[in-house]
Amino acid sequence: MRPRFWHRVRFKLLLVSLTLLGIPWAGYRFIQETESFLRDAQDQALQTTASSVANIMHGIDGVFHGSARAGSVLTFRNLYLHRLGKQPQLDGYRDDWVHFDHNFTTLQSVDGRLAARVFLGQHERYLYLLLGVTDPAVAFGEDGDAVDLAFIDGSDRLRRLRIQPQAPGWVVARDMGGQGATADGNYEATVRGEWQNTQDGYTLELRMPRELLQDRLSLRLLDSASDQVLASGRLFPADALGRIVSPSAALEPLLASVTPPATRVWVTDHQGLVVGRSGRLDENPPLGADQSRMPWFVHDLILAILPRDADVYADIPSDQTHLFVRPVIDALSGRPASLRRQPTFSDAVVVSAAVPIRSADGIKGAVLVEQTTNAILSIQNLALQRLFGVTLLLFAVTSLGLLVFASLLASRITRLRDRVEEAVSHDGRIMGKLLPDMARDEIGDLGRSFASVLDRLHDYNHYLEAMAARMAHELRTPLAVVRHSLDNAEQSGIDQRDVYLARARDGTERLEKILNRLREATGLEQAMREAETVEFDLASLVRLQTGGFNDLHPDCQIDAVGVDGPVPVAAVPDLLSQALDKLVDNAVDFHTVGSRVTITCTRTGRDVRIRVFNGGPPLPEGVDVFQSMLSQRSGRHREPHLGLGLYLVRLICEFHGGTAMAENGVEGDVHGVAVSMLLPIGR
Amino acid sequence: MPKTIAIVEDEPAIRDNYAELFRRQGYRVETYAERGEASRALSQRLPDLALLDIALGDDYDGGFELCRELRALSPTLPIIFLTARDADIDVVAGLRVGADDYVSKSASLHQLGARVSALFRRADAGGTHDEKDRTITCGPLQLNPDRMRVLWHGDSVDLTVTELWILHALVAHPGHVKSREQLMEAANTFVDLATITSHIKRMRRKFAQIDPAFDAIEAVYGAGYRWRQTGD
């Protein structure tokens with residue numbers, strides 16, 4: 001029966017091959033390690049770049065105004081002057097400003113009820129100011145809500161304008177006079193605007209000519225209902241007004257020269273307003289151009305396992321003007337910092353480092369350097385792809401190899417099994433020889449072992465068959481004697497009958513003797529089970545028995561040689577005496593008339609050798625004389641001869657842990673056979 | 001003058017039993033225990049029939065040697081082998097030592113006696129030329145039970161007494177199936193059923209040596225054998 005698939009060698013080897021899956025895991029771990037290393041290196045590099053840019057900025061004048069002190073709270077805000085691509089509609093609605101949503105300056109009262117979002121832009125020769133105010137109660141009129149502007153005009157005078165409409169719609173700016181002056185009630189005609197209420201407050205759009213003011217501007221909002229004021233800067237004195245910050249034209253080329261590729265460098269003033277920007281982030285998607293060559297599932301897999309451990313989700317578009325965000329905040333308060341952020345809708349992670357630009361009286365700005373991790377991701381991605389490919393290839397090749405190898409093994413084993421099955425019939429008979437396998441490995445060895453086992457079994461079967469024939473022969477002779485004697489007794493006269501009956505009895509006695517011999521062999525095993533080892537002198541046992549042998553075999557001289565000294569042994573005397581008996585019987589059986597039988601007993605250390613020699617015909621070649629039922633040498637058959645004697649000798653030797661051997665030998669000038677027992681029984 | 005039977009057998013009890021049987025039947029019996037002695041005595045004076053054991057003392061197949069010697073002295077002397085081993089029958093047949101029959105040692109004295117007298121009948125018939133021929137003719141086969149002779153297409157087939165009796169039982173009623181038991185009874189032999197099969201096999205082989213196309217002895221599966229008449 002063929003084993004089920006999951007029991008087969010093939011399946012098991014395939015299972016083992018699954019350990020190959022450890023390779024991608026290990027590779028992935030390695031890649032992660034590498035990534036972490038690369039990341040650290042990148043952070044380090046960014047910090048270095050930022051620091052060197054900050055050093056350069058340190059020596060530049062005219063760009064930075066004012067400074068922040070570490071730990072100081074930012075109370076007033078400078079206003080950033082944005083360049084507008086097209087002219088906004090002065091309508092009091094915010095539609096035009098949506099694109100700049102992220103660049104509004106936010107002012108907020110302490111209790112949070114009053115808030116304003118301010119945007120300053122320039123289109124051609126006009127300045128545009130957008131105010132989005134959150135005010136739960138908008139009031140109009142003399143004591144209503146108002147917006148004040150303070151600026152230095154073209155002739156270096158401090159001017160202040162107030163916008164306090166009577167109703168939503170077109171507004172005018174009333175001149176509030178110069179420094180310390182009271183309102184003179186004149187209107188500044190060049191300033192025009194539109195005020196519109198909204199759900200939670202109002203929107204004010206203003207337009208004024210650029211020449212009207214220099215780059216100092218403060219803004220103040222008055223809420224009449226709560227009597228609160230919201231200001232972007234002081235309204236006096238003139239040199240304390242807020243500033244209009246615009247990107248420095250001088251800075252751009254300088255920054256561009258120090259910006260590494262695929263890197264974005266920002267320089268901000270002490271309030272986080274961008275005064276200079278250079279370079280651009282790597283905009284290639286993280287997996288780069290290789291994507292197209294990858295199957296979709298590999299792509300997805302790599303994206304899934306690539307680490308993207310960003311600290312925050314945040315977008316910093318390239319037109320950002322307000323960078324009062326981490327890590328710039330940290331830098332402005334004196335600490336170099338770095339941050340990993342992930343832009344929304346992007347796979348890339350941006351690493352950024354910010355360092356402060358220090359001046360004599362504080363921190364006058366910050367440098368922010370940004371890079372995507374795309375380069376690292378790309379390396380990782382490439383490594384992962386190769387890993388994936390190599391793993392797949394390795395897995396395929398190894399699996400295939402293992403499968404082929406397993407199939408080969410399995411087929412060889414199956415073939416061996418089939419051959420063994422063929423060599424043995426259903427009922428256990430051995431049909432033929434098993435051709436030994438020539439392979440030198442274990443399976444070949446197994447095959448050879450099977451072959452040799454089958455050969456031995458075959459020999460043994462053959463021996464059993466021969467033994468049956470031999471038994472038949474041995475039994476047939478006495479059977480014939482009995483039968484013929486009875487036939488004769490039947491046919492002859494009364495006077496002769498006794499002779500025949502006696503002869504028949506003889507025959508039955510011989511049959512019994514054969515049975516006794518057989519029983520002796522089986523009885524020996526019983527005797528061995530019950531045998532007790534005792535210490536005795538083997539020499540005296542041999543001497544004693546030799547006398548008995550001579551009495552038993554009067555026509556043959558039996559001598560014991562070398563048994564004068566004591567040979568102390570620990571053995572079973574009954575068994576040894578029986579073995580000696582069989583050895584002598586055998587020797588007498590085969591001795592040539594006139595030659596003598598000698599028994600020698602020698603001891604070397606623990607090994608005791610009992611040797612019985614008889615002059616006579618040599619041993620037959622290629623026959624184990626110690627097998628039972630074997631009587632190859634032609635002997636005199638005075639007694640029923642079953643060839644059990646030497647078999648018993650062998651059993652007794654094995655019982656004592658020794659061996660029995662037979663060899664042709666010469667003693668004096670007599671050729672004959674020596675049968676020895678070699679026993680480790682010496683004491 | 002009584003006929004002389006020589007018995008060469010190393011087992012005294014068996015030898016004596018045989019000797020006494022034949023003496024009681026009126027033959028003169030000479031017994032020998034080993035080959036040398038028998039060879040010397042028998043070459044001096046040939047017996048009328050020789051009964052030989054195969055293994056003689058140390059002489060594992062002394063019987064065969066003795067048989068060859070006797071056959072050399074007389075091609076017509078009836079020789080019967082006594083066998084103790086089943087395998088010996090094949091050896092006797094295979095060696096073609098010229099024996100006329102072989103009997104298992106455990107066969108009864110009655111069976112041995114029957115064979116001995118049959119062989120004597122054949123010897124006697126061979127000597128005289130009796131006009132009253134009881135020859136059975138069956139196609140190309142001629143079988144004379146008195147002279148114990150078988151001719152196939154006129155050529156003599158050298159069968160043992162046992163084989164001849166089996167053949168006789170078959171051709172007495174050509175076409176009739178004889179079971180193995182019947183054949184055994186007819187052959188006056190004490191063998192197991194498988195032995196009949198090997199007897200048949202040897203007979204076929206002997207016929208085939210003369211006529212390779214011989215196929216008259218037909219096995220009937222599960223029943224026995226029959227003689228197939230030519231033209232069937």
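Trainee: What makes helix α2 of chain A lie across strands, and which ones?
Mentor: This is a predicted model. In it, helix α2 (residues 22-58) of chain A lies across β13 (264-269), β16 (337-342), β17 and β18 of chain A. Contact needs C-beta atoms within 7 Å. The helix runs at about 30 degrees to β17(A).

Trainee: How do you know that β17 and β18 of chain A pair, and in which sense?
Mentor: A pair needs at least two bridges. Strands β17 (residues 350-359) and β18 (residues 362-372) of chain A have 10 bridges, so they count as paired. The sense is antiparallel. One facing couple is S352(A) and E370(A), the latter in β18(A).

Trainee: Why are β14 and β15 of chain A at the edges?
Mentor: The open sheet has six strands, ordered β14-β13-β18-β17-β16-β15 (chain A), with mixed pairing. β14 (274-278) and β15 (312-313) of chain A each have a single partner strand, so one side of each lacks a neighbour in the sheet.

Trainee: Why is β9 of chain A called largely enclosed?
Mentor: A residue is buried if 20 or more other C-beta atoms lie within 10 Å of its own. Seven of the nine residues of β9 (residues 201-209) of chain A are buried, so the rest of the structure largely encloses this strand.

Trainee: Which strands do bridges join to β9(A)?
Mentor: β4 (residues 126-134) of chain A is joined to β9(A) by nine bridges, antiparallel. β8 (residues 187-198) of chain A is joined to β9(A) by seven, also antiparallel. G201(A) in β9(A) stands opposite T134(A) and opposite T198(A).

Trainee: What do β8(A) and β9(A) form?
Mentor: A hairpin, with two residues between the strands.

Terms used:
Residues are numbered from 1 along each chain as its sequence is written. Chains are lettered from A and ligands numbered from 1 in the order in which they are written. This is a predicted model: local features need pLDDT of at least 70, side-chain atom pairs count only at pLDDT 80 or more; totals for chains, interfaces and linings use all residues. Helices (H or I, at least four residues) and strands (E, at least two) are DSSP runs, numbered from the N terminus. Two residues are in contact if their C-beta atoms, placed from the backbone, lie within 7 Å. Axes are lines fitted to C-alpha atoms, for helices over the stretch in contact, and angles run from 0 to 180 degrees between N-to-C directions. A residue is buried if 20 or more other C-beta atoms lie within 10 Å of its own, exposed if 12 or fewer, and partly exposed in between; C-beta atoms are placed from the backbone.
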